[in-house]
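Hi everyone, thanks for coming along this morning. I'd like to walk you through a single chain, so please have a look at it on the screen before I start.

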Amino acid sequence: MESIARRSSLCSNPPLQETYKTLFEKSQQHSSADSHSGLATGAAKTELPVIDLGPLVEGRELGKVAECKREIVKASEEWGFFQVVNHGIASHVLEKVRMEQEALFGRPFEEKKTCMEVAGGSYRWGASTATFLSQLNWSEAFHIPISYLLTTSEASSKNHLRWMEEYAGKVTDLANKLIKALAEELGRDSTFFNQNCNPSTSFLRLNKYPPCPATSMHGLVPHTDTDFLTVLHQDGVGGLQVKKDGEWISVKPNPNALIVNIGDLFQAWSNNVCKSVEHRVVTNQQFERYSVAYFMCPFPETVIKSEGKQHQVYRRFSFREYRDQVDEDVRRHGNKVGLARFLASN
């Protein structure tokens with residue numbers, strides 16, 4: 001384990017312990033009101049479905065390409081999550097991403113708060129709206145627009161991001177192949193995504209989950225992703241949990257795989273055929289965890305139309321409308337309501 005993630009002191013950077021001290025005290029006094037202790041940190045580990053993307057990436061052997069597409073749709077229907085191997089992103093690229101990501105997060109807190117402003121991205125940590133520990137994310141993250149990373153003249157001048165250019169391009173290509181395969185297998189027009197998603201609409205989120213002194217804490221609170229598709233590169237520490245048939249399942253890290261999951265927009269677009277599944281990250285008391293998530297998002301004005309062989313499950317809505325409703329729900333109720341707000345029957 002030492003080779004996967006170095007041990008870290010509990011000196012907060014960012015100052016999570018200091019900032020949320022009152023929440024810990026409140027939790028001790030009112031443990032029944034703050035049920036974060038119900039986290040299943042000991043949940044059984046399992047491997048998500050593993051799909052060999054070799055035929056799809058290389059475009060060879062049409063029979064195997066068709067089989068690969070069927071496997072992608074099946075996993076998206078049954079799990080909403082799957083792993084991909086032979087995905088076309090070389091191991092040395094992923095290793096470089098991890099090494100440089102650790103260096104970026106290792107910078108002083110005051111420096112991290114300002115170093116992204118010029119890039120049009122943002123640095124976030126904790127949860128400013130948390131009133132209970134169950135609402136707190138024990139993590140920090142950089143949100144970086146893909147368009148910035150792929151604009152070489154700008155990104156190359158920012159040494160702290162130069163190492164992300166190659167990865168950003170490759171993971172964008174991979175996401176495009178996956179979303180095209182899903183659309184084609186579902187009998188839908190795959191050009192929809194070429195027309196409505198590009199590097200200016202999607203982004204990366206670089207995550208770090210510091211060691212947490214408390215047991216049973218959220219590194220990232222339970223949620224579904226708002227986008228069409230997410231591609232995740234994670235280290236070997238573990239902590240990702242997926243809800244399957246009402247139970248939380250810990251995802252066993254696979255060093256050779258990337259994780260892919262369906263987002264809310266694709267669930268709606270597929271008329272509930274593919275599932276956007278609730279997931280979370282649990283903390284580790286000894287080791288820090290790193291991951292990089294790619295989020296495929298459309299233009300704000302893009303209209304999501306739910307179509308299929310059955311009745312239309314969701315009414316038409318724009319990405320802007322959906323995003324604004326999510327923000328309002330979080331602000332008013334402390335949590336995301338999501339697609340239930342957009343059912344055609346409402």
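One definition before the tour: when I say contact, I mean heavy atoms within 4.5 Å.

Residues are numbered from 1 along each chain as its sequence is written, and side-chain values use heavy atoms, with hydrogens and water left out.

Let's begin with the overall picture. The chain has 13 helices and 15 strands. Of its 346 residues, 51% are buried, where buried means under 20% relative accessible area, exposed means over 50%, and partly exposed is in between, with a 1.4 Å probe and protein chains only. If you take the contacts between residues at least 6 apart in sequence, 79% of them join residues at least 24 apart.

Now, confidence. The predictor's confidence in each residue is its pLDDT, which runs from 0 to 100. Here the chain has a mean pLDDT of 86, with 87% of residues at 70 or more. Residues 1–10 have pLDDT below 50, and the model gives that stretch 20 contacts beyond near neighbours in sequence. Residues 32–38 also stay under 50, with 12 contacts beyond four places in sequence. Where pLDDT is low, the predicted coordinates should not be read in detail.

Which residues in α10 are buried? The list is Glu165, Tyr167, Ala168, Val171, Thr172, Leu174, Ala175, Leu178, Ile179, Ala181, Leu182 and Ala183. As a reminder, an α-helix has 3.6 residues a turn, so residues three or four places apart point the same way. After α10 comes Gly187, with a positive phi near 75°.

What does α10 meet in α4? Leu178, Ala181, Leu182, Glu184 and Glu185 in α10 meet Lys69, Arg70, Ile72, Val73 and Ser76 in α4. By class, this contact has 5 nonpolar, 1 polar and 4 charged residues. For those classes, Ala, Val, Leu, Ile, Met, Phe, Trp, Tyr, Cys and Pro count as nonpolar, Asp, Glu, Lys and Arg as charged, and the others, Gly among them, as polar.

As for geometry, the axes of α4 (residues 62–78) and α10 come within 9 Å and cross at roughly 85°. That makes α4 roughly perpendicular to α10. Axes are lines fitted to C-alpha atoms, for helices over the stretch in contact, with angles from 0 to 180 degrees between N-to-C directions. Under 35 degrees counts as roughly parallel, over 145 as roughly antiparallel, 65 to 115 as roughly perpendicular, and the rest as oblique.

Next, a strand residue. Val84 lies in β3 and counts as buried because its relative accessibility is 0%. Leaving out residues up to four places away in sequence, Val84 touches Ile51, Leu53, Asn256, Ala257, Leu258 and Val260.

Now for two backbone details. Most residues other than glycine have a negative phi, and most peptide bonds are trans. Asn86, in the loop between β3 (81–85) and α5 (91–105), has a positive phi of about 50°. Asp245 sits in the loop between β9 (240–244) and β10 (247–251), and its phi is also positive, near 55°. Is Asp245 buried or exposed? Asp245 is exposed, because its relative accessible area is 71%.

Last stop: Gln312, in the loop between β14 (303–304) and β15 (317–318). Gln312 is partly exposed, at 34% relative accessibility. Apart from neighbours within four places in sequence, Gln312 is in contact with Asn271, Ser306 and Ala344.

Definitions and conventions:
This is a predicted model: local features need pLDDT of at least 70, side-chain atom pairs count only at pLDDT 80 or more; totals for chains, interfaces and linings use all residues. Helices (H or I, at least four residues) and strands (E, at least two) are DSSP runs, numbered from the N terminus.
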